Amino acid sequence: MKYDTDAQASIDGYHRILADYKQAAPKGAELVALEGNHDRRIYSYGVSRAYNIAAIRAAGDPIPAHSLQRLLRLDELGYHWIEDYPRGRFEIAPGYWAIHGYKVRKNAGETAWANIADLGVSVVCGHIHTGAKVHHTKPAIGLSLEGIESPCMCGDQGYEIFPDWDHGFTVGWVDDDGRCHGEVVRWIDGKLRYPRGWR
Ligand SMILES: [Fe+2]
């Protein structure tokens, strides 16, 4: 099938992307990679078909050899690897989580809303290939949350009939008072659509 892609090509490509991110990041930046549902497939494939060797480790190494932490050489790249999908999360700032994502709602924005309503914190997620931002504010209890669906940069993988994926990414910042905010940046017709003045 068209989407029976080569696992080795995926590992090599993922490593290249992470290396590019590192090169583009400011010196000394904290680099974090979050495990997603697709990242678990090599390990779970091994567990279901070759249980005895799925978790095999190099001598003296506590990390399984077939883990993405080892296959992507994340330690060498300097990335902090957060696993335990779907619960794995990175707290960008107090009360603002980055997760891969596990909920799927039909329309852009609905998943972001479901995340913040269920978790009670601000959340940026991927997983659903849409780009959206929603807010949830209740001044009486001092609540001001935002939920972001971060778009993807995937091409058509062949498993959707008419992929309605939004392309782009999310940028974020932490203000002096410790509050975190994010904005979705879209990639349309081969161009990043930043707000005017952003670079
Ligand atoms: Fe996913």
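R89 sits in strand β3; strands (E, at least two residues) and helices (H or I, at least four residues) are DSSP runs, counted off from the N terminus. Everything here comes from a predicted model, where local features need pLDDT of at least 70, side-chain atom pairs count only at pLDDT 80 or more, and totals for chains, interfaces and linings use all residues. Residue numbers start from 1 along each chain, following its sequence as written.

Leaving aside neighbours within four places in sequence, R89 is in contact with W97, A98 and I99, contact being C-beta atoms, placed from the backbone, that lie within 7 Å. R89 and A33 are 56 residues apart in sequence, yet their C-alpha atoms are 9.8 Å apart in space.

Strand β3 belongs to an open sheet of five strands, in the order β3-β4-β5-β7-β6, with mixed pairing. Two strands are said to pair if DSSP finds at least two bridges between them. The edges are β3 (89–93) and β6 (132–138); each has a single partner strand, so one side of each is left without a neighbour in the sheet. From one strand to the next, the twist averages 20°. Such angles run from 0 to 180 degrees between N-to-C directions, using axes fitted as lines to C-alpha atoms, for helices over the stretch in contact. β6 and β7 run antiparallel and are joined by seven bridges, and H136 stands opposite L145 in β7. Helix α6 lies across β4, β5, β6 and β7, and runs at about 140° to β7.

Then there is the other sheet. This one is open too, with three strands in the order β8-β9-β10 and antiparallel pairing. Its edge strands, β8 (168–174) and β10 (191–193), each pair on one side only. Direction ignored, neighbouring strands here are turned by 30° against each other on average. Seven bridges link β8 to β9 (residues 180–188) in the antiparallel sense, and F169 stands opposite V185 in β9.

What about the inside? The largest nonpolar core has 13 residues, and I99, V123 and V124 have the most contacts inside it. A nonpolar core is a set of buried Ala, Val, Leu, Ile, Met, Phe, Trp, Tyr and Cys residues, joined through C-beta atoms within 7 Å. Two or more residues each come from β1 (31–34), β4 (96–99), α6 (110–119), β5 (122–125) and β7 (143–149); the largest share, three residues, is from β5. Domain 1 and domain 2 both give residues to this core, so it lies between them. As for V123, its contacts beyond four places in sequence are W97, I99, N115, I116 and G147.

Nine residues of domain 1 and 10 residues of domain 2 take part in the contact. On the domain 1 side, five are nonpolar, one is polar and three are charged. Here Ala, Val, Leu, Ile, Met, Phe, Trp, Tyr, Cys and Pro count as nonpolar, Asp, Glu, Lys and Arg as charged, and the others, Gly among them, as polar.

How values were computed
Contact = placed C-beta atoms within 7 Å. Buried ≥ 20, exposed ≤ 12 C-beta atoms within 10 Å, placed from the backbone. Domains from an automatic or database assignment.
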